[in-house]
Amino acid sequence: MILLGSTGSIGVNTLEVAKKFSIEVEVLVAGNNISLLNTQIKEHNPKTVVIANRDDLHKVEHKNVFCGEEAILRAIEESSSELVVNALVGFLGLRPTLTALKCNKRVALANKESLVACGAFIDTSKIQPIDSEHFGLWYLMQERPVDKMIITASGGAFRDWEIERLKNATLADTQKHPNWSMGQKITIDSATMMNKMFELLEARWLFGEGRYDAIIETKSLIHALIDFKDGSTTAHFANANMQLPIAFALNTTMQENILPHVDLLKVGSLEFREITTDRYPLWQIKDELLKNPARGVVVNAANEAAIEKFIAREIGFMDIAKTVIRAYEKFDTAPKSVDDVFGLDEEVRSFIR
Ligand SMILES: NC(=O)C1=CN([C@@H]2O[C@H](COP(=O)(O)OP(=O)(O)OC[C@H]3O[C@@H](n4cnc5c(N)ncnc54)[C@H](OP(=O)(O)O)[C@@H]3O)[C@@H](O)[C@H]2O)C=CC1
Ligand SMILES: CC(=O)[C@@H](O)[C@H](O)COP(=O)(O)O
Ligand SMILES: [Mn+2]
């Protein structure tokens, strides 16, 4: 397989699962964490390695190492592997997804920004999502009429904060996720509830038109629920560990045990909460965005640009949502082609910067 983003949270878990199933790693792609990458190279012996920056090339302990976005695309095109695991973070992951699909490879897709920004132009039949909620929906789906598909949110780092305090929240505060250990950007997205909005859009592209919604389940033990038309609701329970969705994405005939079962007697009780717009202002645009999912490109670009500003301490935490909503209102348009997606992405970023 080809693994993009090997040094990240999903990347590291993917290599653990690959070891379990003895899957060969042909290409490793990483960013700045060269010391972890070197350890991975020793263990998995890839044919090709790609990193982000030219200045780090000499530190990589491999004879076939390249740098930059074009090199990632070339490595995909020149590889013989049938499977690409895309665990890059952000819009940067979109071109590799498109290239992998163009090369007729199967894509195990953690990079949710690919579908959020460009879902209207992506054939999802060759995509297996690596996301706990979509895995949960897929696991629950049966040949019965569905009324609604529901995914769960943890509520993020600030679910119990007094709302008045949120404007002063720091980057370090955003990283205190209650249940999951993940990369920096998705953990910020979890705190603003953008992650759940992205997941509703992803679900829309993966499972088609229908009714979608999200609720908070504070322990992240239920990942998805389906309301069937007959009045039954089924729920997908699993411990909060991405190795289960990854295992199914890597090994389509998965039969092995991956995680211990959720012990309901130890859990004792579950708590569900509504996602409210006072704590999560982004939720104001949720229904309208779900009706126009191709506008995800605007929301994604605005979010990435706003997060850059938040990290640089140019804006506060609550300004992330304000910035996204302002961009969403200004760019009241949907892309008509993949080229439009890249154009609109650029325009929105310039507007915010
Ligand atoms: N973490 C999770 O549990 C889940 C994550 N996702 C999604 O999966 C994706 C990855 O998330 P996560 O693993 O948490 O993120 P991380 O930030 O932990 O990892 C991102 C990876 O991308 C690499 N990378 C970043 N920039 C570049 C670049 N310019 N060139 C090459 N590589 C680069 C990083 O390298 P380095 O670290 O070496 O700089 C790292 O390997 C995101 O889209 C996220 O939303 C979805 C569901 C669950
Ligand atoms: C592990 C995973 O799938 C994440 O997307 C998770 O859902 C993030 O947590 P939140 O529920 O807080 O967004
Ligand atoms: Mn998720």
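A backbone N or O atom of Asn 33 lies 2.8 Å from an oxygen atom of ligand 1. That is one of several polar contacts here, a polar contact being a pair of N or O atoms within 3.5 Å (within protein, one must be able to donate a hydrogen and the other to accept it, and residues adjacent in sequence count only if both atoms are side-chain atoms). Before going on, note that this is a predicted model, where local features need pLDDT of at least 70, side-chain atom pairs count only at pLDDT 80 or more, and totals for chains, interfaces and linings use all residues. Residues are numbered from 1 along each chain as its sequence is written, chains are lettered from A and ligands numbered from 1 in the order in which they are written, and side-chain values use heavy atoms, with hydrogens and water left out.

Back to ligand 1. Backbone N or O atoms of Gly 5 and Ser 9 also sit by oxygen atoms of this ligand, at 3.2 Å for Gly 5 and 2.9 Å for Ser 9. On its own, ligand 1 has 900 Å² of accessible area, and the protein covers 84% of it (areas come from the Shrake-Rupley method with a 1.4 Å probe; for residues, only the protein chains shown count as cover).

Who else is around? The shell of ligand 1 holds 26 residues, and the closest are Thr 7, Asn 32, Asn 33, Glu 113 and Gly 183; a residue counts if one of its heavy atoms lies within 4 Å. Because domain 1 (2–129) and domain 2 (133–291) both give residues to the shell, ligand 1 lies between them; the domain bounds come from an automatic or database domain assignment.

Next up is the metal. The manganese ion (ligand 3) is coordinated by Asp 131 (OD), Glu 133 (OE) and Glu 199 (OE), at 2.0 to 2.1 Å. Donors are N, O and S atoms within 2.8 Å of the metal (3.2 Å for Na, K and Ca), and water is not among the atoms, so sites may look incomplete. Asp 131 lies in the loop between strand 7 (127–129) and helix 6 (132–140) and Glu 199 in helix 9 (residues 194–207), so the pair ties together parts that are 68 residues apart in sequence. Asp 131 is buried at a relative accessible area of 5%, and Glu 199 is buried at 1%, where buried means under 20%, exposed over 50% and partly exposed in between (1.4 Å probe, protein chains only).

| Side chain | Distance to an oxygen atom of ligand 2 |
|---|---|
| Ser 154 | 2.5 Å |
| Lys 196 | 3.0 Å |
| Glu 199 | 2.8 Å |

Taken alone, ligand 2 exposes 350 Å², and the protein buries 97% of that. Helix 6, helix 8 (184–192) and helix 9 each give two or more residues to its shell, and helix 9 has the largest share, three residues. In total 15 residues surround ligand 2, with Ser 132, Glu 133, Ser 154, Ser 190 and Glu 199 the closest.

How values were computed
Helices (H or I, at least four residues) and strands (E, at least two) are DSSP runs, numbered from the N terminus.
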